[in-house]
Protein chains: 2
Amino acid sequence: VTGSRTVAGTAPIGVFDSGLGGLTVARAVADALPHEDIVYLGDTARVPYGTRSASTVVRYARSCAAALRARDVKMLVVACNTVSAVALDMLRVELDMPVLGVIEPGARAGVAACHGVGRLGVIATAGTVASGAYERAVAGVDSRVEVVARAAPLLVPLVEEGWVTGDVPRLAARRYLAELAEARVGALVLGCTHYPLLAGILEEELASLAARAIPVVDSAHATAAELAATLEERGLATTGRGEGRLQLLVTDLPGRFADVASRFLGRDVAGLGVEQIDL
Amino acid sequence: VTGSRTVAGTAPIGVFDSGLGGLTVARAVADALPHEDIVYLGDTARVPYGTRSASTVVRYARSCAAALRARDVKMLVVACNTVSAVALDMLRVELDMPVLGVIEPGARAGVAACHGVGRLGVIATAGTVASGAYERAVAGVDSRVEVVARAAPLLVPLVEEGWVTGDVPRLAARRYLAELAEARVGALVLGCTHYPLLAGILEEELASLAARAIPVVDSAHATAAELAATLEERGLATTGRGEGRLQLLVTDLPGRFADVASRFLGRDVAGLGVEQIDL
């Protein structure tokens with residue numbers, strides 16, 4: 001996937017994730033940059049990546065990046081915490097375009113939201129927590145800030161089931177957040193693309209456990225903001241004035257695809273072009 | 001994977017599943033047939049199958065079966081509801097050995113447990129429910145029995161997280177079982193290999209919702225009982241007298257493998273041989 005080339009500012013932004021959760025990042029990008037075209041690739045045939053070995057994740061990430069590069073994207077957003085933790089350096093070396101993950105923007109926004117408190121809470125999948133990626137990213141921003149990370153594996157299936165209100169997600173949130181509240185974190189980073197759909201409940205339960213409001217940072221928004229800055233810096237922002245298009249690529253069409261995708265994207269995907277590709 | 005051959009009664013029984021959940025079936029088999037050797041294959045690199053297309057599931061099932069046949073198993077148990085729903089006929093045609101799924105034994109045991117009530121409840125993954133496999137299997141046993149099937153997707157991640165007691169699984173169980181209790185089912189089939197770990201909670205909540213005890217049928221036990229009968233009928237039961245060995249094959253070694261596998265198997269897997277293979 002190497003070789004030099006020139007892309008126009010009107011070229012699309014490529015976004016990929018192991019599944020459909022990264023559509024929360026595509027949504028934040030579309031909100032922040034409404035004139036940009038976006039090609040989103042969800043590797044739904046091989047989801048989830050979080051339970052795969054590092055070498056398998058690297059191989060999968062490489063094939064996703066190559067498929068998006070073949071669509072002439074001008075920049076790549078890795079909307080997957082597992083890939084961001086394991087394969088970002090490799091993609092940056094191999095690809096002739098800017099590559100942005102979700103962990104570094106989330107870590108920077110989280111440290112900023114701490115307002116001097118020396119502890120930053122992170123919830124993520126077991127794989128992301130075990131990788132230590134947030135600790136490394138936060139150390140690169142402010143080495144005095146300690147990361148308190150907690151795996152919250154059930155939140156992903158809760159969101160996929162659509163149980164984002166009511167007792168079950170609330171009790172699960174309380175159980176996962178108890179030790180972060182006890183650790184007196186200054187802010188909480190949502191280190192998984194699924195969690196923004198539970199942001200309200202997580203914020204309320206954390207405040208209730210800690211008996212004070214604690215800022216909750218959504219990496220999707222932080223990533224979209226850094227993406228906008230990078231495009232501007234590199235002269236890659238679109239010169240088009242119309243509304244950007246969103247194209248969806250998937251490697252398998254799972255049952256309830258339209259329901260689940262619409263939930264993450266925050267709007268109906270029925271009208272969007274969906275293309276199934278092989279990787 | 002065709003071709004004729006002879007296998008001894010001392011050959012192992014092959015059991016496979018998309019992941020580690022099928023170890024509940026391996027456990028039931030080991031309990032029912034303590035002298036038999038078992039080779040268990042968990043396709044952990046490609047789990048879950050439930051979200052894949054039928055053609056992909058068939059392809060994966062074929063490769064799992066071939067790997068176990070290469071280990072000279074005398075019989076194949078498909079401890080995966082998705083494969084049992086989609087690929088069992090194909091495996092029976094292609095393989096020169098008896099093949100047993102989990103759906104038919106579960107359906108037969110469920111109908112028997114109904115004791116004349118005309119409705120059988122089934123909970124399973126979304127893929128299994130959508131396949132209509134339990135309806136077909138029950139129709140083959142007693143066409144007067146109506147199946148009331150409900151997808152209960154959250155129960156799998158609850159079990160994998162180890163949340164098998166307490167408020168969260170209890171509330172989730174209540175939510176999934178409410179319409180089955182209202183439908184006045186005569187028995188409930190646990191149509192997913194993960195659910196036996198929640199059998200107690202499911203039984204209690206169903207009884208509480210229905211205001212009477214309703215039998216809960218675990219397909220793993222039903223499958224082990226039919227397996228024992230098939231081996232006996234075909235003269236394939238072992239003639240060995242020692243304790244059978246259990247060998248574990250996996251296609252990827254996920255984090256917390258030993259914890260999760262031990263939970264499903266009901267005993268420590270640390271002492272067992274675990275081999276990683278490519279498919």
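Visitor: Where in chain A is the place of L279(A)?

Guide: Welcome! In this predicted model, L279(A) sits in the segment that follows strand 10 (274–276) of chain A.

Visitor: Why is L279(A) called partly exposed?

Guide: Its relative accessible area is 39%. Buried would need a value under 20% and exposed one over 50%, so with 39% L279(A) counts as partly exposed.

Visitor: Which residues is L279(A) in contact with, leaving aside its neighbours within four places in sequence?

Guide: They are L41(A), D43(A), R46(A), S63(A), C64(A), A67(A) and T251(A). Contact asks for heavy atoms within 4.5 Å. As for R62(A), its C-alpha is 9.9 Å from that of L279(A), while 217 residues separate the two in sequence.

Visitor: What makes the relation between chain A and chain B that of a two-fold axis?

Guide: Chain A superposes on chain B, with an RMSD of 0.0 Å, by a rotation of 180° and a shift of 0.0 Å along the axis. That is the relation of a two-fold axis. In chain A, V168(A) has the C-alpha nearest the axis, at 2.9 Å.

Visitor: How do you know that the same surface serves both copies?

Guide: Of the contact residues of chain A, 100% recur in chain B.

Visitor: And which residues have the most contacts inside the largest nonpolar core?

Guide: Those are I123(A), L155(A), I123(B) and L155(B), in a core of 156 residues. Beyond four places in sequence, L155(B) touches I123(B), A172(B), Y176(B), Y195(B), L198(B) and L202(B). In soluble globular proteins, nonpolar side chains tend to be buried together.

Notes
Residues are numbered from 1 along each chain as its sequence is written. Chains are lettered from A and ligands numbered from 1 in the order in which they are written. This is a predicted model: local features need pLDDT of at least 70, side-chain atom pairs count only at pLDDT 80 or more; totals for chains, interfaces and linings use all residues. Side-chain values use heavy atoms; hydrogens and water are left out. A nonpolar core is a set of buried Ala, Val, Leu, Ile, Met, Phe, Trp, Tyr and Cys residues joined through side-chain atoms within 4.5 Å. Buried means under 20% relative accessible area, exposed over 50%, partly exposed in between (1.4 Å probe, protein chains only). Helices (H or I, at least four residues) and strands (E, at least two) are DSSP runs, numbered from the N terminus. Copies are superposed by least squares on the C-alpha atoms of residues with pLDDT of at least 70 in both.
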